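Dear colleague,

I am passing on the structure below, together with notes on what was found in it. Please read them with the model open beside you.

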Amino acid sequence: NKDNIKDIYPLSPQQQGMLWESLTDKESGIHIEQFICPINGKLEVANFQQAWQELIQIREILRTCFVWKKQAEALQVVLKDVSISIAFHNLGEISRSEQKKWLSEYLQTDRAHSFKFSKAPLLRVTVVQVGQEEYQLLWSIHHILVDGWSAVLLLQDLLRIYGFLCGKQEISICTR
């Protein structure tokens with residue numbers, strides 16, 4: 001939708017390489033970054049979902065998609081509005097060993113699931129409840145958008161937004 005376009009930029013040489021590699025080997029999971037972060041404390045699901053949505057609205061890179069078909073060169077397109085959907089799973093009723101197995105299989109399947117580059121956001125967020133006030137945040141994002149350093153900064157922004165939405169309620173997310 002052309003009315004939803006904010007900006008258009010050329011790709012950097014590194015982005016061109018990542019896009020080409022990802023398009024030619026879609027099931028390899030190449031360049032998909034996965035962050036697994038434990039969350040401790042009472043998680044307000046609606047506010048957490050809203051925090052992610054707000055983060056996407058303030059960080060243009062999270063509203064970026066890529067076009068290359070019928071183009072002289074590949075372009076990155078920043079959209080005005082993008083929605084995110086977060087998957088939630090409750091594993092609180094199964095053993096820790098079964099939880100670990102489920103998480104491992106989930107991450108492996110997720111990595112093999114390629115992103116559709118022409119549709120933002122190029123990220124997936126899953127929250128898995130593993131105990132009463134224990135969760136695992138599983139965040140998959142394509143490296144074409146962020147690196148490890150940037151991801152930590154985005155998680156810090158997410159925590160600030162979530163804290164504001166919850167009236168400064170504290171949860172702990174490991175960002176190391």
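Gln99 has a relative accessibility of 3% and therefore counts as buried, where buried means under 20% relative accessible area, exposed over 50% and partly exposed in between (1.4 Å probe, protein chains only). Before going further, note that this is a predicted model, in which local features need pLDDT of at least 70 and side-chain atom pairs count only at pLDDT 80 or more, while totals for chains, interfaces and linings use all residues. Residues are numbered from 1 along each chain as its sequence is written, and side-chain values use heavy atoms, with hydrogens and water left out.

Gln99 is found in helix α3 (residues 96-112); helices (H or I, at least four residues) and strands (E, at least two) are DSSP runs, numbered from the N terminus. Its side chain reaches the backbone oxygen of Ile94 at 3.4 Å, a polar contact being a pair of N or O atoms within 3.5 Å, of which, within protein, one must be able to donate a hydrogen and the other to accept it, with residues adjacent in sequence counted only if both atoms are side-chain atoms. If neighbours within four places in sequence are left aside, Gln99 is in contact with Leu91, Gly92, Ile94 and Val130, contact meaning heavy atoms within 4.5 Å.

A polar atom of the Gln15 side chain lies 3.0 Å from the backbone nitrogen of Ser12. Beyond neighbours within four places in sequence, Gln15 is in contact with Pro10, Phe66, Gln76 and Ile144, and its C-alpha atom is separated by 8.3 Å from that of Leu145, 130 residues apart along the chain.

Two of those contacts of Gln15, Phe66 and Gln76, are themselves bridge partners, with Gln76 in β4. β3 and strand β4 (residues 75-79) pair in the antiparallel sense over four bridges, two strands being paired if DSSP finds at least two bridges between them. They belong to an open sheet of three strands in the order β1-β4-β3, with antiparallel pairing. Its edge strands, each of which pairs on one side only, are β1 (5-10) and β3 (64-67).

Elsewhere, β7 pairs in the antiparallel sense with β2 over nine bridges and with β6 over eight bridges. Cys37 has Leu137 in β7 as its bridge partner, Gly131 stands opposite Glu134 in β7, and a hairpin of two residues joins β6 to β7. Eight of the nine residues of β7 are buried, so this strand is largely enclosed by the rest of the structure.

The largest nonpolar core has 43 residues, and those with the most contacts inside it are Phe48, Trp52, Leu137 and Trp139; such a core is a set of buried Ala, Val, Leu, Ile, Met, Phe, Trp, Tyr and Cys residues joined through side-chain atoms within 4.5 Å. Helix α4 gives the most to this core, with six residues. A second, separate core of six residues includes Leu103, Leu107, Val128 and Leu138.

The buried residues of α4, among them Leu154, Leu158 and Ile161, pack against β2 (32-40), α2 (45-58) and β7 (134-142). At 1.5 Å a residue, the 18 residues of α4 (residues 148-165) should span 26 Å, which agrees with the 26 Å between its end C-alpha atoms; the expected span is 1.5 Å times one less than the number of residues. After α4 comes Gly167, whose phi is positive, near 70 degrees.

With best wishes
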